[in-house]
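Colleague: I am new to this structure and would like to learn how to read it. Could you walk me through the features?

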Amino acid sequence: MPSRNSDNKKALNPKLSAYIKTVKEDFSKIPGDRKEELDKIAVFIQKQVKAGQPVQLTYICTHNSRRSHFGQIWAATAAAYYNIPNVKTYSGGTEATAFNERAVAACERAGFDITKTSDGKNPIYHVSYGAGAEPMKAFSKKYDDASNPQSNFCAIMTCSQADEACPVVKGAAARVAVPYDDPKAFDGSAQEKAKYDERCKQIATETMYVFSKVKI
């Protein structure tokens, strides 16, 4: 197995590396009951790695516009940082809208390189955590979209509305609910930027924590 100190960590954008350092300092602030749920995701990842199977994680919220994208992007980054092999991350909603431009901006502030590759109501973005890394393709879609896995994946419910709307996620081998407050509530307010940054960092912290628990 590869070392956790290998080239993936070094390939991260310098700004993103500095951001992750502050994120790791917040692991101790995650409440115990929250860690119990997050540990279920780590168990799924560990099981797949041990079996030599693909680790497929699908982050689900209502509109696939904010929280689920944060989850997908940070999970891919955490897998690279901790050198967890064969991880594929996805996102989806109970309906499709667009990757919200405020969430895109929050990711850029964290240190991701993001390029908008198409226009329209639901543009496609390419998101990269570092030089040489294959960009993640980010756009809004339903969770059962053909581009997402149809079986043997962990469904991670990032909002209570989607959690209630999807008591069963077809094809999921595991399902974990870790709802986050929606920064959309602050759109157009003086707190907008701070709340998007807060949610981005919370999801980064909890996702990095999950991957830190996986042993390879």
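Modeller: We will go through the sheets, the helix packing and a salt bridge.

Modeller: This is a predicted model, in which local features need pLDDT of at least 70 and side-chain atom pairs count only at pLDDT 80 or more, while totals for chains, interfaces and linings use all residues. Residues are numbered from 1 along each chain as its sequence is written, and side-chain values use heavy atoms, with hydrogens and water left out.

Colleague: Thanks! Which order do the strands of the open sheet of four strands have?

Modeller: Helices (H or I, at least four residues) and strands (E, at least two) are DSSP runs, numbered from the N terminus. Two strands pair if DSSP finds at least two bridges between them. In this sheet the order is β2-β1-β6-β7, and the pairing is parallel. β2 (87-93) and β7 (172-177) are at the edges with a single partner strand each, so one side of each has no neighbour in the sheet. On average, neighbouring strands here are turned by 20° against each other, direction ignored.

Colleague: How many bridges join β1 to β2?

Modeller: Strand β1 (residues 55-61) is joined to β2 by seven bridges, and the two run parallel. You can look for V55, which stands opposite V87 in β2.

Colleague: And what is the strand order in the open sheet of three strands?

Modeller: That order is β3-β4-β5, with antiparallel pairing. The edge strands, β3 (113-116) and β5 (136-138), each pair on one side only. β3 pairs with strand β4 (residues 125-128) over four bridges, in the antiparallel sense.

Colleague: Now the helices. At what angle do α4 and α7 pack?

Modeller: First, how angles are taken: axes are lines fitted to C-alpha atoms, for helices over the stretch in contact, and angles run from 0 to 180 degrees between N-to-C directions. Angles under 35 degrees count as roughly parallel, over 145 as roughly antiparallel, 65 to 115 as roughly perpendicular and the rest as oblique. α4 and α7 pack at about 40°, with their axes 9 Å apart, and are therefore oblique to each other. The contact (heavy atoms within 4.5 Å) includes F70, W74 and A78 of α4, and I203, M208 and F211 of α7. By class, this contact has 12 nonpolar, two polar and two charged residues. In that count Ala, Val, Leu, Ile, Met, Phe, Trp, Tyr, Cys and Pro are nonpolar, Asp, Glu, Lys and Arg are charged, and the others, Gly among them, are polar.

Colleague: What does α4 lie across?

Modeller: Helix α4 (residues 67-81) lies across β4 and β5, and runs at about 180° to β5.

Colleague: How far apart are the axes of α5 and α7?

Modeller: Helix α5 (residues 101-110) and helix α7 (residues 192-212) have their axes 9 Å apart and pack at about 65°. They are therefore roughly perpendicular to each other. R102, A103, A106, R109 and A110 of α5 meet E192, K193, Y196, D197 and C200 of α7. The classes here are five nonpolar, no polar and five charged residues.

Colleague: Which residues make the contact of α2 with α5?

Modeller: α2 and α5 pack at about 90°, with axes 8 Å apart, and are therefore roughly perpendicular. K15, L16 and Y19 of α2 touch E108, R109 and A110 of α5. These divide into three nonpolar, no polar and three charged.

Colleague: Last one: how many salt bridges are there?

Modeller: A salt bridge is a side-chain nitrogen of Lys or Arg within 4 Å of a carboxyl oxygen of Asp or Glu. The whole structure has 12 salt bridges. One of them joins D26 and K201, with the closest N and O atoms 3.6 Å apart. D26 lies in the loop between α2 (14-24) and α3 (32-51) and K201 in helix α7, so this pair ties together parts 175 residues apart in sequence.
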